[in-house]
Amino acid sequence: MRGHDRDDVRLIVSTPEGDTHHAFTELPWLLDPGDLLVVNESATLPASLPATSRLGEIRLNLSTRFTDDLWLAEPRWSPSRPGPLPLIMNETLQIGEARAVLLQQYPGIPRLWFVRFDTPASILMAKRGEPIHYSYAPAYPMSDYQTLFSRFPGSVEMPSAARPITPHVRDTLRERGIGIVGVILHTGVSSLEIEDNTVEHQTLYPEVFKVPEATANAVNRTHARGGSVIAVGTTVVRALETAWTPKGVRACSGATGLYIHPGTSVHVIDGLLTGLHDPITSHLAMLSAIAGLARVKRAYTEAIRNRYLWHEFGDSHLLWRQTAN
Amino acid sequence: MKGVALVTGAGRGLGRILAAFLAGQGHDLVITSRTLTELQDVARSLESTGVKVVAIPGDIRNPVHRTSLLQETRAIRGLSLLVNNASDLGEIPRPELASASLQRFRVTLETNLVAPIALIQEALPQLEQTRGLVVNISSDASQGGYKRWGIYGSSKAALDLASKTLAAELKPRHISVVSVDPGDMRTGMHQDAFPDEDISDRPLPEVTLPFWAWLVSQDPEQIIGMRYQAQGTLWEIPA
C-alpha cells in the first residue's frame with residue numbers, strides 16, 4: 001500500500017494523444033463540470049472460508065450467491081495456491097459444524113463448483129469468513145476492502161477502482177459540478193487463473209447487478225448535455241453496457257453474463273477509472289474494447305517504466321475512449 | 001425445506017440434468033418420461049442425494065397419467081415447481097409445413113401445447129397453496145420462421161403465448177409462469193432435428209445449470225410472465 005491516505009496514489013491518464021502522470025487528488029481537475037462518475041455501491045463480504053475436506057485443510061472462496069444456501073464457490077489449497085483440487089461430485093466439506101456439498105462443476109470453469117450449505121452462508125461468513133486474498137501474507141482488516149461507496153453487501157472481491165476516492169476527493173468533485181451516481185454489481189472471484197488464452201473463448205459467469213432508474217436518467221442526461229460518463233471500475237462498465245439500448249441506458253436488474261471484448265461495442269461509457277491489474281484475459285479484453293490493445297499496452301509500458309503500483313491497493317488509471325462521443 | 005418439483009421429459013437431455021440439479025439442491029421430485037428404462041436409470045442415479053424421487057413412466061398426453069403425477073406431488077407436500085420440458089419434435093426428417101402430415105402435427109400440438117396447459121390446470125390448487133412457479137420450455141424456433149421448423153416452432157410459439165396469458169391470469173392467485181428457451185444443446189432431440197449433422201460443437205445441456213440455479217433462486221412473483229434465454233447474457237428481473 002502506498003502513502004498514508006487512500007488518495008495518496010498516482011494516476012496515469014491515457015488519451016489517444018498519449019499518457020500523462022498525475023497525483024490522484026488531481027482527478028477533479030482532469031474532468032469537466034457536467035461529467036458524471038458512476039461508482040459500484042456493492043460492499044465486500046468476508047467470503048473466504050476455512051474448510052476441511054478429504055484432502056485436508058483447504059480454503060473455500062465463495063463467488064456468486066444464488067440463495068443463502070446455494071453458492072458458486074472455488075475450493076483452493078490455500079489463498080496463494082489455486083486448484084483445481086481432485087474433488088468429486090456430492091463430496092462434503094466441513095466448515096466448523098456446518099456441511100457443504102459440492103453439487104456440480106460450473107460448465108466451462110472446472111475450478112468453480114455449485115455448493116449447497118446446510119447452514120446459511122451468511123452465518124458461516126460472519127463466524128469464520130475473511131476477505132478473499134491471494135498472497136501468503138494475511139488479509140488486511142475487512143474495512144480495507146470497502147470503498148466510500150460500499151453500501152450493499154454482496155461482492156466477494158473489492159470493487160477496488162473507487163478505493164482512492166476519499167471524502168475530500170468526493171467533495172471536491174461535487175464542488176466542481178461533477179456528479180457521482182451508483183450502480184450495484186456484486187463481483188465474483190476474479191479470473192486470476194486464465195481458463196482460455198483465446199480472448200473470445202473466455203467463459204465468464206454471470207454477476208448480479210442493478211442499474212437504478214435515477215442512475216440511468218443521470219447517464220442519459222449527461223450525454224444529452226454533451227458531458228462524459230466515467231465508469232469507476234470494470235464492474236460498472238459491465239452493468240451500464242448491459243442496461244444499454246439504442247435509446248439510452250434504462251433501469252435494469254438481474255444477472256448479467258455480458259462479456260466485453262474487442263469484438264463487442266462499448267456504447268455508454270466515455271472513460272474508465274480503474275486500477276492497474278495483471279493482464280488477465282477478461283480485464284485486458286475490456287480495456288482493449290474501450291481504448292484498443294495498442295493504447296492499453298502503451299499505457300501499461302509507461303506505468304511499468306514509471307514504477308506504478310499494481311493491484312487493488314495500488315495506483316490508478318484513467319482510460320479515455322478511442323473516440324470522443 | 002425445499003419444495004416439490006415435477007419435471008416432464010426427465011429421462012434424458014435437459015430434463016435429466018435439471019432433475020439431478022434440483023435433487024442436489026434438496027428438491028423432492030416427481031419425474032416422468034415415456035421410456036421406462038431411462039427413467040429408472042435417472043431415479044437410481046438420484047438415490048444418493050437423499051431427496052424423495054418418484055418416477056412414473058407414461059405419456060403426458062394421457063389424462064390418467066397426468067392425474068397420477070399430480071397425486072404424487074400432492075402426497076409429498078404439494079407442487080411448487082412445474083417444469084413442462086417433455087416435447088415432441090414431430091416428423092423426422094422435419095417436413096415443410098406446406099406438406100406436413102396433419103395427423104402427426106396434432107400429436108405434436110397435444111404434447112407441446114395442450115398437455116402442459118392441462119397439467120397447469122390440474123395443478124392449480126397445489127401451485128396456489130405453494131405460490132409456485134411454472135416453467136414452460138420453449139425454443140428459438142418459436143420466433144424464427146425457419147424453413148422446416150413450422151411444426152415444432154408453431155407449437156412452441158403457441159406455448160409462449162399460453163405462458164404469457166396464464167402469467168397474467170394467474171398473477172392474482174400468486175402463481176408465476178415463465179417461458180425458457182434453453183438454446184442449442186447437444187441432446188438426443190437436437191440430433192433428431194439434424195440427423196445428418198455432427199452436433200458435437202453444441203454445448204452439453206449442463207451449460208444451462210447457471211441459469212437454473214439463478215431462476216429457482218428468484219422470488220417467483222418478481223418474474224411473472226418473463227421469457228428467458230438460458231444461454232443469453234441477461235436474465236432480467238422486471239422493474
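A residue is called buried if 20 or more other C-beta atoms lie within 10 Å of its own, exposed if 12 or fewer, and partly exposed in between, with C-beta atoms placed from the backbone. The model is predicted, so local features need pLDDT of at least 70 and side-chain atom pairs count only at pLDDT 80 or more, while totals for chains, interfaces and linings use all residues. Residues are numbered from 1 along each chain as its sequence is written, and chains are lettered from A, ligands numbered from 1, in the order in which they are written.

Select helix H6 of chain B, residues 150–170; helices (H or I, at least four residues) and strands (E, at least two) are DSSP runs, numbered from the N terminus. Its buried residues include Ile151(B), Tyr152(B), Leu159(B), Leu166(B) and Leu170(B), and what covers the buried residues of H6(B) includes helix H4 (102–130) and strand E5 (133–137) of chain B.

Next, select Leu82(B), which, neighbours within four places in sequence aside, is in contact (C-beta atoms, placed from the backbone, within 7 Å) with residues including Leu6(B), Leu119(B) and Val135(B).

Finally, go to Ala10(B), in the loop between strand E1 (4–8) and helix H1 (13–24) of chain B. Ala10(B) counts as buried because 31 C-beta neighbours lie inside 10 Å. Leaving aside neighbours within four places in sequence, the contacts of Ala10(B) include Gly15(B), Ile31(B) and Val42(B).

Notes. Contact = placed C-beta atoms within 7 Å. Expected span 1.5 Å × (residues − 1).
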